[in-house]
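Work through the exercises below with the sequence and the model open. Each task is followed by a solution in steps.

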Amino acid sequence: MSDNLMVVRTSFIQRFFQSIGVSSFQALLRSLIKSFAGAGLGLAAGLLVCYYAGEPPLKILKILYQSSFGSGYDFGMTLYYTAPLILTGLAVAIPFKAGLFNIGAEGQLTVGALAAAWAGVLGAGITSPFLAVLFAATFAFAAGGIWGAIPGFLKALRGSHEVITTIMLNFIAAGMTAYFTLYTIKDPNSAQAETIPVPESFFLKPYEVFNGAPMGNLIWFLIVLAILMHFWIWNSRWGYCLKALGENERAAETYGITKQRVWVSSMFVAGGLAGLVGLVEILGNSHKFKIGFSADWGFVGIAVALVARGNILGVLPSALLFGMLQKGAGSLDLETEKVTRDLSYLIQGLIILGVASEGLWDGLSRFLGNHLKQRARAKQTGGTK
Amino acid sequence: MNVIEFKRVAKSFGDVVANRDLSFEVKAGTIHGLIGENGAGKSTAMKVLFGIFPADSGEILIRKKPTRITNPVQAMRLGIGMVHQHFMLAEPETVLDNIILGHEPGWFPGLIFRDKARKELTEISKNYGLAFDKWDVPVSHLSVGEQQRVEIIKLLYQRSDVLILDEPTAVLTPQEVKELFQNLLRLKQEGKTIILISHKLKEVLEFTDYVTVMRRGETVGTKVTNETNEDELAEMMVGRKVSFTYQGIRRILSDSTEIPSILKVKGLSFKGLSESCVDVTLNLRQGEILGIGGVQGNGQSEFLRFLSNPKEYFHKVSGEYTIRDQSVLADSPLDLRKRGVSLVPEDRLAEGLLLQQDMTENFLLGQHEDPRYQSKFPGLLDRDAARARVEQNIKAFDIRPPYPTVWSGRMSGGNQQKLVIARALDSKPEILFVAHPTRGVDVGAIELIHEAIMNERNAGRAIILFSSELEELIDLSDRIAVFYGGRIQAEFGRKEFDPWKIGKTMGGGNKE
Amino acid sequence: MKSNTLLAVIVTVFSFAASAHAELKIGLVLEKSGKDDKSFNQSAYVGLKRAEKELGVTTKTVEAPDNSAYESLQRAFAEKKFDLIIAVGFHQLEAVKKNAERFPDQKFMLIDEDAKEKNVRSAMFEEHEGSYLIGALAAMHSKTGKVGFIGGMDVPLIRRFQLGYEAGVKKINPKAEVFVNYLGVTGDAWNNPPKAKELALDQYGRGADIIFAAAGNSGLGVFDAAEAQKKLAIGVDSDQSWIKPKSILSSMLKRVDESVFDSIKLLKEGKFEAGLIRYGVKTKGVDYAVNEYNAKMITDADKKKLEELRKDIVSGKIKVPDYYLIKK
C-alpha cells in the first residue's frame with residue numbers, strides 16, 4: 001500500500017512551508033482555494049439576493065471594489081477596518097489552538113483601548129513619539145492580557161467554562177471602562193462620554209496617500225506581528241503545547257503538558273493582542289477613548305478566525321475580507337437605492353456561511369470528484385470496447 | 001448460499017490505500033475469520049461493508065444482490081450489525097436503553113414501552129443461550145465481557161443476521177474468551193452468520209469455518225479452517241515464516257534477588273475516580289519485567305496513572321512511592337521523565353496520540369522539553385532533529401507508511417502503537433511503564449514489539465508491563481502481580497506461571 | 001425599433017438628470033441606531049421626508065454601520081457635491097469638523113453638537129429648558145409629591161435632562177422628592193425595556209406617581225410599568241402619547257424634524273446660515289406635548305402656568321441649570 005504514496009522529500013521550499021506550519025505548498029493552496037471558493041459562493045448568493053431586490057450584481061461588485069480600493073482614502077479606510085480585525089482574529093484563533101473559545105475579545109480590546117488612553121494621560125510628559133507609543137502599547141497589551149488571563153485563571157483554578165466567563169467579562173469591561181471614562185479621566189471640555197485626549201507625541205501618523213484615512217505604519221506592524229505569531233505558534237515549544245492540548249487534552253496531560261499554564265498563557269497573549277486595538281483606535285484614530293467606539297470588532301474577530309480556518313496566517317486575508325465588507329456596508333447603502341445597510345449585512349453573513357461551511361465544500365468536491373471519476377471510467381471502458 | 005460477496009473492492013484515504021483489491025465470499029450460517037497484519041485493511045473492509053466509508057470502486061453483493069451501502073442505518077436494515085473494537089455504548093445509561101436506542105418500541109411518539117422491550121430481550125437472551133439479565137443496570141457497572149455481550153444482544157435485537165466482530169477478544173480474560181466463543185457457536189447454530197476480525201491465529205483456527213487472509217490491502221486467499229494450520233496462515237499473513245513464542249529467549253539476567261530495587265511502592269492506598277488502590281506494595285528491579293495482570297476495572301488503570309503522574313494524586317494518596325530511594329510523590333510526568341521514566345499509555349488513541357498531527361509532532365509529545373529537540377534559538381523546537389529520529393525509528397520498527405509527514409490518525413492501530421513505543425524508548429529510559437502494548441495489534445507487529453520490550457529488559461531497564469492478555473504476561477514477565485479489587489491478589493514468580501492458576505486469582509480466587 | 005427604445009431611455013435618463021440638477025440634493029447621515037429608532041434619528045428622517053414632499057428636494061439617507069463610518073459617509077456625499085449634508089447626533093461631531101475643513105465650500109448641518117466651523121450649521125437643543133417645563137408639569141400632577149426620572153445611558157446629555165427636570169419639579173413643589181435611575185453605561189442602555197420596567201416598578205413602588213423616561217427605546221418599559229400600575233409616565237423626543245394614551249401624561253418634545261425642515265427651507269430660499277442655532281423653549285424647539293390624548297389631563301390652568309414659566313425662561317427671570325455649563 002505504501003508504494004502508492006508520493007515519496008516525501010524535504011526540499012527547501014517544503015521546509016519553508018513546514019516552518020510556517022503548512023505541511024506543503026499544495027496544502028496551503030488547497031486551503032486557500034477552499035476559502036476563496038467559499039467566499040465566492042457566498043458572494044454569489046448575496047448578489048442573487050440583490051438581483052431580486054432590484055440591483056444588478058455587477059453594479060454591486062463594482063461598488064464593493066470601489067469602496068475598498070477605489071481611492072487612497074477608501075483603501076486607507078478599508079485597512080483601518082482591517083487592523084482591529086487582525087488583532088481580534090488572532091485573539092480568537094490563538095486560544096482556539098489550545099481548545100479554548102475566546103468570546104471575550106470585545107472586552108479585552110475595550111480594556112486595552114482604555115489603558116492606551118490612560119497611558120496618554122499618565123505619560124503626558126513623554127515627548128519621544130517612539131517611547132510614547134511603546135509606553136501606550138505596553139499598557140494596552142498588559143491590560144488586555146490581564147483581562148484575558150482572568151478567564152484562563154478561573155478555568156485553571158475552578159474549572160469555569162471560558163465561554164461563560166469571557167461573556168461575563170465583556171459586560172464587566174464595558175461597565176468598568178464606562179465608569180473610568182465618565183468619572184476618572186473624563187475630558188472636562190467635552191459634553192460627550194470620552195476621555196482626555198492623548199498628547200500629540202502619542203499620535204500615530206497616517207500616510208498622506210490615504211488622504212485622511214487614519215492608517216499608517218501600524219498596518220505593517222500588524223502584518224509582521226501576525227506572521228511572527230504564526231511562526232511562533234508553529235515552531236516554539238509553547239505553540240507545541242498549545243496545539244497538543246487543543247487536540248488531545250488527556251494525551252497532553254499524560255505527557256506532562258500542564259494545561260492550566262497553557263490556558264492562562266494563551267489567554268493572556270490573546271487578551272494582549274486584542275488590547276492592542278487601543279493602538280489602532282486611540283493612538284491612530286480618535287486619540288481618546290469613547291464609550292462604544294468598537295464596531296463589534298471582538299465579535300467579528302470570531303468570524304475572522306472561523307473563516308481563517310484556525311490558521312494564524314489566514315487571519316490576515318480573512319480580516320481584510322471582513323474589513324472590506326464592513327467598509328462596503330455603508331457604501332452599498334449610499335450608492336444604491338435598494339440595498340440598505342441590513343441587506344449588506346446579509347451579504348456579509350452569506351459570505352461567512354460560504355466560507356465556514358466546510359462540510360458543504362468537502363461534500364461538493366467529493367461529489368464532483370466521484371462524478372468526474374465515474375465519467376473517466378465510463379470513457380475508459382467505452383474505449384476498450 | 002453466499003450472504004456477502006466482495007468483488008474487487010478498493011478504498012483509499014487521500015494518498016493512503018487501505019484496500020486495494022478485496023474479493024471474498026461469506027457463506028450464510030458460518031463463522032468466517034478475517035485475519036491479517038496490522039494495516040492490512042481488515043477494519044476498513046468491514047467499515048466499508050457496514051457503510052461507514054463508501055467504497056471507491058468494486059462491488060459488494062448482499063444475498064446475491066449488488067448493493068451500495070452508504071450509511072450504517074442502511075446496513076442495519078440489511079441485517080448487518082457490527083461490534084466495534086471500542087464499544088459504542090453510552091456508559092451512564094442502562095443496558096436496556098442502550099440496546100433499544102434508535103429502535104424504541106411503542107406506537108406513541110416520545111413514549112417508550114420498556115416493558116415490551118424487556119420481555120423481548122429476555123426472550124432473545126434465552127433463545128440464544130446468552131445468560132444475561134442485567135437490563136436495568138448502567139452500562140458503566142458492567143465488566144468488559146458483559147458490555148460486549150450487550151453489544152451482541154443489541155445486534156440480535158435489531159434482527160441482524162450478519163454479525164461483524166472487530167477484535168472481540170482483545171479485552172477479555174481467558175474465561176471470558178471461552179464464554180464468548182460458546183455464545184458465538186450457539187448463534188451459528190441458530191442460523192446467524194458471524195464475521196470475526198482477529199489477529200489471534202489460535203482462536204481463528206479453533207472456532208471458524210472459513211478464514212480469509214488479508215495482506216497489504218488485498219485478500220491473499222480464503223481457506224477452509226479444517227484444512228489449514230497456524231504456520232500456513234501466518235505465512236500468508238506476513239509473507240514469511242514467523243516465530244511465535246519467547247519461551248526460552250535469552251534472558252540475560254536471571255531471577256536474582258541480589259539486584260537492588262530501583263522503584264518501590266509501599267502501602268499505597270487512594271480512592272480514584274472509578275477504581276481504588278488498597279495497600280499496594282511492589283518492588284521493581286533493574287533488568288526485570290514485572291507483569292501486572294487482572295480483569296479490567298480492578299485498579300490497574302488507576303495504579304498506572306498514579307505511577308506516571310503522582311502529582312495529580314498528591315492530596316489523596318497514602319503510602320510511599322520512591323525511585324532510587326527518593327520520594328516522587330510530588331512529581332509531574334515531566335519530573336519523572338527527568339528521572340528516566342518513560343510511558344506507553346493504556347489507550348493510545350485517548351492518551352497517546354495527536355491524531356491530526358504527523359508522526360514528527362507525535363514523536364515530540366512528552367519530549368518537547370528534551371534538550372535534543374531544542375533549537376539554538378531559545379523557545380523554539382528543532383523539528384529537523386525530531387524528524388531525523390523519526391526516520392530512524394521508522395526503519396527500526398518498520399512503521400508504515402514510512403513517512404514522517406503522515407498523520408498518526410491515518411495509521412493502523414499496530415503502526416500507531418509502534419510509534420508510541422518508539423517514542424517511549426527514544427530517551428533511553430531506565431524505567432519503563434508499558435500498558436497493553438499489543439492491544440489491537442497483530443502477529444507481525446506483536447513479534448516486533450515483544451522483541452523491543454525484551455531487548456530493553458536485557459539491556460538492564462526496569463519494566464512494568466500492564467496487560468490484560470495473560471499469554472503476553474506469561475511470555476514476557478519475570479514476575480506477575482495480579483490485581484483484584486484494588487489489591488494485589490497474588491504474585492507469581494516465573495516458575496509458578498500457570499495460566500489457569502493466574503486466571504483464577506484474576507477472578508478473586510486464592511493463589512493456592 | 002430596438003435602437004428607438006434605447007434612444008428613448010437615454011433621453012429620459014438625461015432629462016431626469018437635467019431636472020435633478022435643478023433640484024437641491026440633501027444627504028442625511030444617521031447614527032448607528034438608524035431611521036427606525038422611534039426617537040431622534042427617526043425624527044430627522046421625518047423632517048427630511050417632509051422637505052422632500054413639500055419643497056421638492058432630492059434626498060438620500062444613509063445609516064452608519066458603525067461609529068467609525070461617519071467620516072467616510074459624509075465625505076462620499078461631499079464628493080458627490082450634495083448641496084447640504086445633515087449629520088445627526090453628537091457622535092458625528094469630529095467627522096463633521098474634519099470634513100468641513102476638507103470641503104470648505106460644502107454646507108453641513110450638525111444636530112446636537114456645535115462644530116464651530118464656518119460652513120456648518122449646528123443645531124442644539126436646550127433639553128434642560130424643555131425638561132424644566134416637563135418637571136413643572138409633573139409636579140403639578142403628582143399627588144404623592146414624589147416623581148421619578150429614568151435615564152438611558154449615563155452620559156452628560158441625559159444628565160442635562162435630569163438637572164432641568166429636577167429644577168422644574170422643585171419650582172412647583174420645593175418639598176417634592178425626585179427618584180433618579182440610569183439604565184447603564186453602555187449603548188445597550190438605550191435598548192433595554194425590561195430593565196427600564198424593573199426600575200420604573202421600583203420607583204412607583206416607592207411612591208412616585210409620574211416618571212419621566214429619557215431613555216430612547218427603553219422608555220417603552222417605563223410606559224408598560226405605568227400602565228400596569230395605573231400611574232403616569234412622560235415620553236421623550238417625539239410625541240409618544242399614542243403608545244399608551246391613558247398612561248402618558250405628555251412628552252418632552254425635541255423638534256429635530258423641525259430643525260431639519262427649517263434648514264432645508266432656508267437653503268432653498270437662499271437664506272441658509274452657518275453657525276450655532278439654539279432651539280429652546282422660546283422657538284418651541286423643545287416643548288411639552290399637548291395632543292388629543294392628553295387634552296383632558298392637561299388643564300387650561302396647567303397650560304397657563306407653564307406658559308408663564310416659559311416667558312420667565314425666555315426673559316431670563318428663571319435660570320434653568322445647564323449640566324454642560326456646570327461641568328465647565
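## Exercises on helix packing, domains and chain contacts

The model is predicted. The opening case is a helix pair in which helix 5 of chain A passes helix 11 of chain A in a right-handed crossing.

**Exercise 1.** Describe how helix 5 of chain A packs on helix 11 of chain A, and classify the angle.

Step 1. Locate the helices: helix 5 covers residues 105-122 of chain A, and helix 11 covers residues 259-275 of that chain.

Step 2. Classify the angle. Because 65 to 115 degrees counts as roughly perpendicular and under 35 as roughly parallel, helix 5 of chain A is oblique to helix 11 of chain A.

Step 3. List the residues that meet. Helix 5 of chain A contributes A:Ala105, A:Gln108, A:Leu109, A:Gly112 and A:Ala113.

Step 4. Sort them by class: the contact of helix 5 with helix 11 of chain A holds 6 nonpolar and 4 polar residues, with no charged ones.

**Exercise 2.** Repeat the analysis for helix 3 and helix 4 of chain A.

Step 1. Helix 3 (residues 57-69) and helix 4 (residues 72-97) of chain A pack with axes 5 Å apart, at an angle of about 85°.

Step 2. An angle of 65 to 115 degrees counts as roughly perpendicular, so helix 3 of chain A is roughly perpendicular to helix 4 of chain A.

Step 3. From helix 3 of chain A come A:Gln66, A:Ser67, A:Ser68 and A:Phe69; they meet A:Asp74, A:Phe75 and A:Thr78 of helix 4 of chain A.

Step 4. By class, this contact of helix 3 with helix 4 of chain A has 2 nonpolar, 4 polar and 1 charged residues.

**Exercise 3.** Which chains are in contact, and which pair shares the most contacts?

Step 1. There are 2 pairs of chains in contact, and chains A and B share the most contacts. Chains B and C do not touch, and their nearest C-alpha atoms are 36 Å apart.

Step 2. Count residues at the contact of chains A and B: 43 from chain B and 31 from chain A.

Step 3. Take the area. Chain B and chain A bury about 3,400 Å² between them, with 55% of it on carbon and sulfur atoms. On the chain B side, B:Glu351, B:His368 and B:Tyr403 lose the most area to chain A, together 16% of what that side buries.

**Exercise 4.** Characterise the contact between domain 2 and domain 3 of chain B.

Step 1. The assignment for chain B gives domain 1 (2-238), domain 2 (260-340 + 432-512) and domain 3 (352-428).

Step 2. The C-alpha centres of domain 2 and domain 3 of chain B are separated by 25 Å. In contact are 14 residues of domain 2 and 15 residues of domain 3 of chain B.

Step 3. These two domains of chain B bury about 1,100 Å² between them, 68% of it on carbon and sulfur atoms. In domain 2 of chain B, B:Leu334, B:Arg337 and B:Leu448 lose the most area to domain 3, together 41% of what that side buries.

**Exercise 5.** Do the corresponding work for domain 1 and domain 2 of chain C.

Step 1. Chain C divides into domain 1 (2-125 + 257-279) and domain 2 (127-253 + 298-327). Their C-alpha centres lie 32 Å apart.

Step 2. Domain 1 of chain C gives 9 residues to the contact and domain 2 of chain C gives 8 residues.

Step 3. The area buried between domain 1 and domain 2 of chain C is about 700 Å², and carbon and sulfur atoms give 48% of it.

Terms used: Residues are numbered from 1 along each chain as its sequence is written. Chains are lettered from A and ligands numbered from 1 in the order in which they are written. This is a predicted model: local features need pLDDT of at least 70, side-chain atom pairs count only at pLDDT 80 or more; totals for chains, interfaces and linings use all residues. Side-chain values use heavy atoms; hydrogens and water are left out. Contact means heavy atoms within 4.5 Å. Axes are lines fitted to C-alpha atoms, for helices over the stretch in contact, and angles run from 0 to 180 degrees between N-to-C directions. Helices (H or I, at least four residues) and strands (E, at least two) are DSSP runs, numbered from the N terminus. Angles under 35 degrees count as roughly parallel, over 145 as roughly antiparallel, 65 to 115 as roughly perpendicular and the rest as oblique. A crossing is left-handed if the near helix is turned anticlockwise from the far one by less than a right angle, and right-handed if clockwise. Ala, Val, Leu, Ile, Met, Phe, Trp, Tyr, Cys and Pro count as nonpolar, Asp, Glu, Lys and Arg as charged, and the others, Gly among them, as polar. Domain bounds come from an automatic or database domain assignment. Buried area is the accessible area (1.4 Å probe) that two parts lose on being put together, summed over both.
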